[in-house]
Amino acid sequence: MISFIVSLVALVLGYFFYGKVVERIFGPDDRPTPAVLKADGIDFITLPRWKIFMIQFLNIAGTGPIFGAIMGAKFGPSSYLWIVFGCIFAGAVHDYLSGMVSMRNGGIGLPEVIGKYLGAKVRVAMLVLTVFLLMIVGAVFVYSPAAILSNIVGSEFFWIVVILVYYLIATILPIKNIIGRIYPLFAISLLFMAIAMLVVMLVKWPTIPEIWDGLGNKAMEVSPDWKDNIFPCLFIVISCGAISGFHATQSPLMGRCMSSERLGRPVFYGAMITEGIVALIWAAIGSYFFYASPQPGYEVLSLVGNNGFATSAPHVVNIVCKDWLGITGGILALLGIVAAPITTGDTSLRSARLIIADFIRIEQRTLKRRLIISMPLFLCTFSLLMWQVANPDGFGVLWQYLGWFNQCLTAITLWALTVYLVKEQKRYIITYVPAVFMTFVCMTYLFVSRQLLSFQLEVGYPLGFAISFAIWGVFLVWHARYNKGKEF
């Protein structure tokens, strides 16, 4: 528990110290924001700071910092380090700058930001990748809550239709009408659940693995079937709690609702740190469930769904919440497993609408024009969803590729932000180092992961590193030429 407490304190200090460093490097000022200059009452609209923070937090959080952290805890205490260092030095920086650069460019979406700084060809590729990623998120986060709700009442197809109809309404209506009203309530509930679990953890004070006990792959000590390596798998499994490309698609949504650039650090950087805290709490709970001494949690708790070390993340949430918090815990677990993904799926499709609108230059003031984009988007998402339902492995396949696509988007976004900082003559080291690291993570994962190409490690690692070095080299060549051009 000592490692957990130290990590918790480190995240808080990271906001106050490194967050200020990042803010100072970017340099927010008092210029009019897109919410003021482009006010349309639909997507560009000023909202109170507390509400923007709550919406941003729930937009980027969902179940990611819960399920990902629990799965990542299987690797051992190394999950703490990734959450802390990843969140402070990469994730929060990524979220802050993607939102602020969007604001500086009139509130444009992520593909437009990337296209401006990495080129028109990359812009088109990023449009396809980003919209496809957002549709996958929408499809996955329709199916998973629908499957759970169908076990309580109604059929799976009924809940799919209900959730999709809600998604459509939330996508086309002004952001203040639904998202602005219900998101703060869900965000408060998610935070309350995390705080309640933290209090119980502190009261119980279980004996769980510490960082100084070793940072090796602890899962391999417990399960002979465990084949995932810490590098790069840990950095894909724990994404939302450390760094996630999906967040960069969400930051512009709230960037269009800010009345001042100076709100950027508490909203963008602060929401990511808050998510990191939630992830850290659930990583500690996961550590308790899988590795507590003298008995792991799964031996102490004997509720339905307990499959020992192989227990899925949703079942861990359900088991622990019900045991520790009783009826209230059951309700909160249901909220986390059902409501949280729904509130991620709807903003995913809203982001997709805005990204497509930016690309084809169709303003979104009228309902008719919002529907022109939304209806084809929803038809594609529905087709993806039906394939997922019809295919027994559909959910697993989409989820595996979602994680890799997500972190590829992270790396590309970080490279775009690095180019931005270079051109603005700012200290680009804050995005450059994370960009290099995430490039190596994504390329090696592509080749060595069991879920993707599954090459032998002796082949997969060299291939991943070779491609990563090539990408890194492209940047170094561009940087040298850019500096040379400036001199003349």
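Val-124 is found in helix H8, which covers residues 120-150. The model shown here is predicted. Is Val-124 buried, partly exposed or exposed? Its relative accessibility is 40%, so Val-124 counts as partly exposed. Now look along the chain. Val-124 and Phe-359 are 235 residues apart in sequence. In space, their C-alpha atoms are 8.8 Å apart.

Stay with H8 and find its partner, helix H9. H9 spans residues 156-172. The axes of H8 and H9 come within 8 Å and cross at roughly 135°. The crossing of H8 past H9 is right-handed. Which residues meet there? On the H8 side they are Gly-138, Phe-141, Val-142, Tyr-143, Pro-145, Ala-146, Ala-147, Leu-149 and Ser-150. H9 brings Glu-156, Trp-159, Ile-160, Ile-163, Leu-164 and Tyr-167. By class, this contact of H8 with H9 holds 12 nonpolar, 2 polar and 1 charged residues.

H5 runs over residues 64-73, and H14 over residues 264-291. Their axes are 7 Å apart, at an angle of about 40°. H5 passes H14 in a right-handed crossing. H5 makes the contact with Pro-65, Ile-66, Ala-69, Ile-70 and Ala-73. H14 answers with Glu-275, Val-278, Ala-279, Trp-282, Ala-283, Gly-286, Ser-287, Phe-290 and Tyr-291. The contact of H5 with H14 has 11 nonpolar, 2 polar and 1 charged residues.

Next comes helix H12, residues 230-237. How many of its 8 residues are buried? The count is 6, so H12 is mostly covered; buried means under 20% relative accessible area. The buried residues are Ile-230, Pro-232, Cys-233, Leu-234, Phe-235 and Ile-236. Asp-228 sits in the loop between helix H11 (219-222) and H12. Asp-228 has a relative accessible area of 11%, so this residue is buried. What does its side chain reach? The side chain of Asp-228 makes a polar contact with the side chain of Arg-450, at 3.2 Å. Leaving out residues up to four places away in sequence, Asp-228 touches Phe-75, Asn-217, Met-220, Cys-233, Arg-450 and Gln-451. One of these, Cys-233, is among the buried residues of H12.

Another aspartate lies in a loop. Asp-43 is found between helix H3 (34-37) and helix H4 (49-61). Its relative accessible area is 3%, so Asp-43 is buried. The side chain of Asp-43 makes a polar contact with that of Arg-353, at 3.0 Å. Setting aside neighbours within four places in sequence, Asp-43 is in contact with Arg-256, Cys-257, Arg-350, Arg-353, Leu-354 and Gln-364.

Finish at Ile-2, in helix H1 (residues 2-16). At 43% relative accessibility, Ile-2 counts as partly exposed. Ile-2 and Thr-207 are 205 residues apart in sequence, with their C-alpha atoms 9.6 Å apart in space. What does Ile-2 touch, not counting residues up to four places away in sequence? The residues are Trp-205, Glu-210 and Trp-212.

How values were computed. Residues are numbered from 1 along each chain as its sequence is written. This is a predicted model: local features need pLDDT of at least 70, side-chain atom pairs count only at pLDDT 80 or more; totals for chains, interfaces and linings use all residues. Side-chain values use heavy atoms; hydrogens and water are left out. Helices (H or I, at least four residues) and strands (E, at least two) are DSSP runs, numbered from the N terminus. Buried means under 20% relative accessible area, exposed over 50%, partly exposed in between (1.4 Å probe, protein chains only). A polar contact is a pair of N or O atoms within 3.5 Å; within protein, one must be able to donate a hydrogen and the other to accept it, and residues adjacent in sequence count only if both atoms are side-chain atoms. Contact means heavy atoms within 4.5 Å. Axes are lines fitted to C-alpha atoms, for helices over the stretch in contact, and angles run from 0 to 180 degrees between N-to-C directions. A crossing is left-handed if the near helix is turned anticlockwise from the far one by less than a right angle, and right-handed if clockwise. Ala, Val, Leu, Ile, Met, Phe, Trp, Tyr, Cys and Pro count as nonpolar, Asp, Glu, Lys and Arg as charged, and the others, Gly among them, as polar.
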